[in-house]
Amino acid sequence: MKIIVIVLMIFSFLYSDEIKKRDLESENKKLIEKIKELEEQISKCSDKNSFPELMMKKEYQEKTLQIQKVDVY
């Protein structure tokens, strides 16, 4: 009788370890997929930013504004 109880206890521990291992494996796969998604987002964000290349046209840079005084009645 004692042997049966011991065997059952051992099986229960082995079974619970196997389930934990499966859970960890599935969680690991989910995390790997999430990492891939984030890396893709980073690569999209790291593309060349066009904003710093925007500059005022030379013709407008060289001209100075002339202020004219207008009388309003």
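The model is predicted, with local features needing pLDDT of at least 70, side-chain atom pairs counting only at pLDDT 80 or more, and totals using all residues. Numbering runs from 1 along each chain, and side-chain values use heavy atoms without hydrogens or water.

I found one such patch in Met1, Ile4 and Leu8, which together have about 380 Å² of accessible area (Shrake-Rupley, 1.4 Å probe). Met1 lies in the segment before α1, and I noted it as exposed because its relative accessibility is 77%, where exposed means over 50% and buried under 20%.

I then looked up the charges and saw Glu33, Glu37, Glu39 and Glu40 gathered in a negative surface patch, for which like charges are joined within 9 Å. Glu39 sits in helix α1, residues 2-45.

For the whole protein I recorded two helices and zero strands (DSSP runs of at least four and at least two residues, respectively), with buried residues making up 0% of the 73.

Terms used: Patches are made of residues with over 30% relative accessible area and no salt bridge: like charges are joined within 9 Å, nonpolar side chains (Val, Leu, Ile, Met, Phe, Trp, Tyr) within 5 Å. A salt bridge is a side-chain nitrogen of Lys or Arg within 4 Å of a carboxyl oxygen of Asp or Glu. Lys and Arg count as positive and Asp and Glu as negative; His and the chain ends are not counted. The place of a charge is taken as NZ of Lys, CZ of Arg, CG of Asp or CD of Glu. Buried means under 20% relative accessible area, exposed over 50%, partly exposed in between (1.4 Å probe, protein chains only).
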